[in-house]
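Reader: I am new to this structure and would like to go through it step by step. Please show it, and then I will ask about its parts.

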Amino acid sequence: MASLERDGFSLTLSDDLAWIDEYQWTPVEQTKEYLSEGALAIQEGTKQAGRPITLEGGQFVFESHDVVVALIDELAISAGKQYTLTLVDGRIFTVVFDHEKGAIDGAVPEFFRKRSHGDNTLHSLTLRFITV
(Lines give C-alpha, C1' and ligand atoms only; values in the text may rest on other atoms or scores of the structure.)
Protein backbone atom coordinates (compact mmCIF):
# COMPACT_ATOMS: atom_id res chain seq x y z
CA MET A 1 0.00 0.00 0.00
CA ALA A 2 1.45 3.38 -1.03
CA SER A 3 1.36 6.21 1.50
CA LEU A 4 2.55 9.75 2.21
CA GLU A 5 3.33 10.63 5.85
CA ARG A 6 4.48 13.58 7.92
CA ASP A 7 4.34 14.28 11.66
CA GLY A 8 2.05 11.37 12.47
CA PHE A 9 -0.23 12.14 9.52
CA SER A 10 -0.69 9.37 6.98
CA LEU A 11 -2.44 9.50 3.64
CA THR A 12 -3.01 6.30 1.68
CA LEU A 13 -2.30 6.76 -2.02
CA SER A 14 -3.82 4.77 -4.84
CA ASP A 15 -1.87 1.62 -5.72
CA ASP A 16 -2.63 2.51 -9.36
CA LEU A 17 -0.08 5.35 -9.29
CA ALA A 18 3.01 4.40 -11.34
CA TRP A 19 6.50 5.90 -10.94
CA ILE A 20 6.85 7.08 -14.54
CA ASP A 21 10.38 8.55 -14.40
CA GLU A 22 12.03 5.87 -12.26
CA TYR A 23 14.63 4.95 -14.89
CA GLN A 24 15.23 8.41 -16.37
CA TRP A 25 17.61 9.56 -13.61
CA THR A 26 21.23 8.79 -12.91
CA PRO A 27 23.05 9.34 -9.60
CA VAL A 28 26.21 10.45 -11.45
CA GLU A 29 26.67 14.06 -12.52
CA GLN A 30 29.31 14.78 -15.15
CA THR A 31 30.70 17.93 -16.74
CA LYS A 32 33.18 18.07 -19.62
CA GLU A 33 35.28 21.05 -20.63
CA TYR A 34 38.12 21.49 -23.07
CA LEU A 35 41.10 23.32 -21.60
CA SER A 36 42.94 26.04 -23.51
CA GLU A 37 45.65 23.55 -24.65
CA GLY A 38 42.95 21.23 -26.04
CA ALA A 39 42.90 18.61 -23.28
CA LEU A 40 39.54 17.34 -22.10
CA ALA A 41 38.80 17.85 -18.38
CA ILE A 42 36.05 15.64 -16.99
CA GLN A 43 34.58 16.06 -13.52
CA GLU A 44 32.23 13.52 -12.02
CA GLY A 45 30.40 13.25 -8.74
CA THR A 46 27.60 11.32 -7.10
CA LYS A 47 24.39 13.19 -6.41
CA GLN A 48 23.37 13.19 -2.75
CA ALA A 49 19.67 13.90 -3.40
CA GLY A 50 17.30 15.33 -5.99
CA ARG A 51 15.95 12.21 -7.65
CA PRO A 52 12.56 12.96 -9.18
CA ILE A 53 9.65 10.71 -8.27
CA THR A 54 6.66 11.36 -10.50
CA LEU A 55 3.64 9.23 -9.65
CA GLU A 56 0.95 9.18 -12.29
CA GLY A 57 -2.42 7.51 -12.64
CA GLY A 58 -1.63 6.57 -16.22
CA GLN A 59 -4.02 6.80 -19.14
CA PHE A 60 -6.84 5.30 -17.15
CA VAL A 61 -8.57 7.11 -14.32
CA PHE A 62 -9.20 5.73 -10.87
CA GLU A 63 -11.75 6.59 -8.23
CA SER A 64 -10.64 8.95 -5.50
CA HIS A 65 -12.67 10.87 -2.95
CA ASP A 66 -12.81 14.61 -3.60
CA VAL A 67 -11.76 15.12 0.01
CA VAL A 68 -8.53 13.17 -0.50
CA VAL A 69 -7.64 15.12 -3.65
CA ALA A 70 -8.34 18.40 -1.82
CA LEU A 71 -6.13 17.24 1.04
CA ILE A 72 -3.29 16.40 -1.34
CA ASP A 73 -3.68 19.89 -2.84
CA GLU A 74 -3.38 21.36 0.65
CA LEU A 75 -0.23 19.37 1.37
CA ALA A 76 1.33 20.57 -1.88
CA ILE A 77 1.25 24.20 -0.75
CA SER A 78 3.19 23.38 2.42
CA ALA A 79 6.54 24.78 1.25
CA GLY A 80 9.63 23.06 2.59
CA LYS A 81 7.84 20.24 4.38
CA GLN A 82 9.45 16.81 4.17
CA TYR A 83 7.36 13.68 3.78
CA THR A 84 7.98 9.95 3.97
CA LEU A 85 6.79 8.35 0.74
CA THR A 86 6.25 4.59 0.85
CA LEU A 87 5.69 2.98 -2.52
CA VAL A 88 3.46 -0.03 -3.09
CA ASP A 89 6.55 -2.27 -3.37
CA GLY A 90 7.72 -1.20 0.10
CA ARG A 91 10.53 1.19 -0.89
CA ILE A 92 10.69 4.29 1.32
CA PHE A 93 11.92 7.78 0.35
CA THR A 94 12.16 11.13 2.12
CA VAL A 95 10.69 13.66 -0.32
CA VAL A 96 9.45 17.20 -0.83
CA PHE A 97 6.89 18.26 -3.40
CA ASP A 98 8.49 19.43 -6.68
CA HIS A 99 6.86 22.84 -6.94
CA GLU A 100 9.13 23.85 -9.83
CA LYS A 101 7.54 21.23 -12.10
CA GLY A 102 4.04 21.54 -10.63
CA ALA A 103 3.63 19.43 -7.52
CA ILE A 104 0.16 18.18 -8.37
CA ASP A 105 -1.92 17.80 -11.50
CA GLY A 106 -5.42 16.46 -11.22
CA ALA A 107 -8.03 16.26 -13.89
CA VAL A 108 -11.57 15.05 -14.18
CA PRO A 109 -12.08 13.78 -17.73
CA GLU A 110 -14.80 15.65 -19.65
CA PHE A 111 -16.84 12.46 -20.08
CA PHE A 112 -17.19 12.10 -16.31
CA ARG A 113 -17.85 15.78 -15.58
CA LYS A 114 -21.34 15.40 -16.96
CA ARG A 115 -22.16 12.53 -14.59
CA SER A 116 -22.88 12.76 -10.91
CA HIS A 117 -20.74 10.50 -8.77
CA GLY A 118 -21.48 12.01 -5.38
CA ASP A 119 -18.33 12.14 -3.26
CA ASN A 120 -16.56 9.73 -5.65
CA THR A 121 -15.28 11.58 -8.70
CA LEU A 122 -13.09 9.91 -11.27
CA HIS A 123 -9.68 11.60 -11.45
CA SER A 124 -6.40 11.22 -13.20
CA LEU A 125 -3.67 12.33 -10.85
CA THR A 126 0.03 13.21 -11.09
CA LEU A 127 2.16 13.83 -7.99
CA ARG A 128 5.70 15.19 -8.37
CA PHE A 129 8.31 14.77 -5.64
CA ILE A 130 12.08 15.17 -5.23
CA THR A 131 14.14 13.06 -2.85
CA VAL A 132 16.03 14.91 -0.12
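Reader: In which strand does Leu40 lie?
Author: This is a predicted model. In it, Leu40 belongs to the strand that covers residues 40-46. That strand is E5.

Reader: Is Leu40 buried, partly exposed or exposed?
Author: Buried would need under 20% relative accessible area, and exposed would need over 50%. Leu40 has a relative accessible area of 41%, so Leu40 is partly exposed.

Reader: Which residues form a nonpolar patch on the surface, and what is their accessible area together?
Author: Leu40 is one of the patch residues, along with Tyr34 and Ile42. Together, Tyr34, Leu40 and Ile42 have an accessible area of about 330 Å².

Reader: How many helices and strands are there in the protein chain, and what pattern do they follow?
Author: The protein chain has 2 helices and 11 strands. Read along the sequence, the pattern is β-β-β-β-β-β-β-α-β-β-β-α-β.

Reader: What share of the residues in the protein chain is buried?
Author: The protein chain has 132 residues. Its accessible surface comes to about 8500 Å², and carbon and sulfur atoms hold 50% of that surface. Buried residues make up 33% of the chain.

Reader: Which residues touch the most other members of the largest nonpolar core?
Author: In soluble globular proteins, nonpolar side chains tend to be buried together. Here the largest nonpolar core holds 21 residues. The elements that give two or more residues to this core are strands E1 (2-6), E2 (9-13) and E6 (52-56), helix H1 (66-76), and E8, E9 and E11. The residues that touch the most other members are Leu4, Leu13, Leu55, Leu85, Leu127 and Phe129.

Reader: What separates the C-alpha atoms of Thr86 and Leu4?
Author: Thr86 has its place in strand E8 (residues 83-86), and at 16% relative accessibility Thr86 counts as buried. Beyond four places in sequence, Thr86 is in contact with Met1, Ala2, Ser3, Arg91 and Ile92. Thr86 and Leu4 are 82 residues apart along the chain, and their C-alpha atoms are separated by 6.5 Å.

Reader: How many aromatic pairs does the structure hold, and of what kind is the pair of Trp19 and Phe93?
Author: The structure holds 3 aromatic pairs. For Trp19 and Phe93 the distance is 5.4 Å centre to centre, with 80 degrees between the planes. An angle over 60 degrees counts as edge-to-face, so the pair of Trp19 and Phe93 is edge-to-face.

Reader: Why does the pair of Trp19 and Phe93 tie together parts that are apart in sequence?
Author: Trp19 counts as buried at 11% relative accessibility, and Phe93 at 16%. Trp19 lies in strand E3 (residues 18-19) and Phe93 in strand E9 (residues 92-97), so the parts that the pair ties together are 74 residues apart in sequence.

Reader: Which residues do ring pairs link into a cluster?
Author: Phe97 and Phe129 form a tilted pair, 5.0 Å centre to centre with 35 degrees between the planes. Phe97 is in strand E9 and Phe129 in strand E11 (residues 120-131), so this pair ties together parts 32 residues apart in sequence. Phe97 is buried at 4%, and Phe129 counts as buried at 1% relative accessibility. The cluster linked by ring pairs is Tyr83, Phe97 and Phe129.

Technical notes
Residues are numbered from 1 along each chain as its sequence is written. This is a predicted model: local features need pLDDT of at least 70, side-chain atom pairs count only at pLDDT 80 or more; totals for chains, interfaces and linings use all residues. Side-chain values use heavy atoms; hydrogens and water are left out. Rings of Phe, Tyr and Trp (its six-membered ring) pair if their centres lie within 6.5 Å; planes under 30 degrees apart count as stacked, over 60 as edge-to-face and the rest as tilted. Helices (H or I, at least four residues) and strands (E, at least two) are DSSP runs, numbered from the N terminus. Buried means under 20% relative accessible area, exposed over 50%, partly exposed in between (1.4 Å probe, protein chains only). Patches are made of residues with over 30% relative accessible area and no salt bridge: like charges are joined within 9 Å, nonpolar side chains (Val, Leu, Ile, Met, Phe, Trp, Tyr) within 5 Å. Accessible areas come from the Shrake-Rupley method with a 1.4 Å probe; for residues, only the protein chains shown count as cover. A salt bridge is a side-chain nitrogen of Lys or Arg within 4 Å of a carboxyl oxygen of Asp or Glu. Contact means heavy atoms within 4.5 Å. A nonpolar core is a set of buried Ala, Val, Leu, Ile, Met, Phe, Trp, Tyr and Cys residues joined through side-chain atoms within 4.5 Å.
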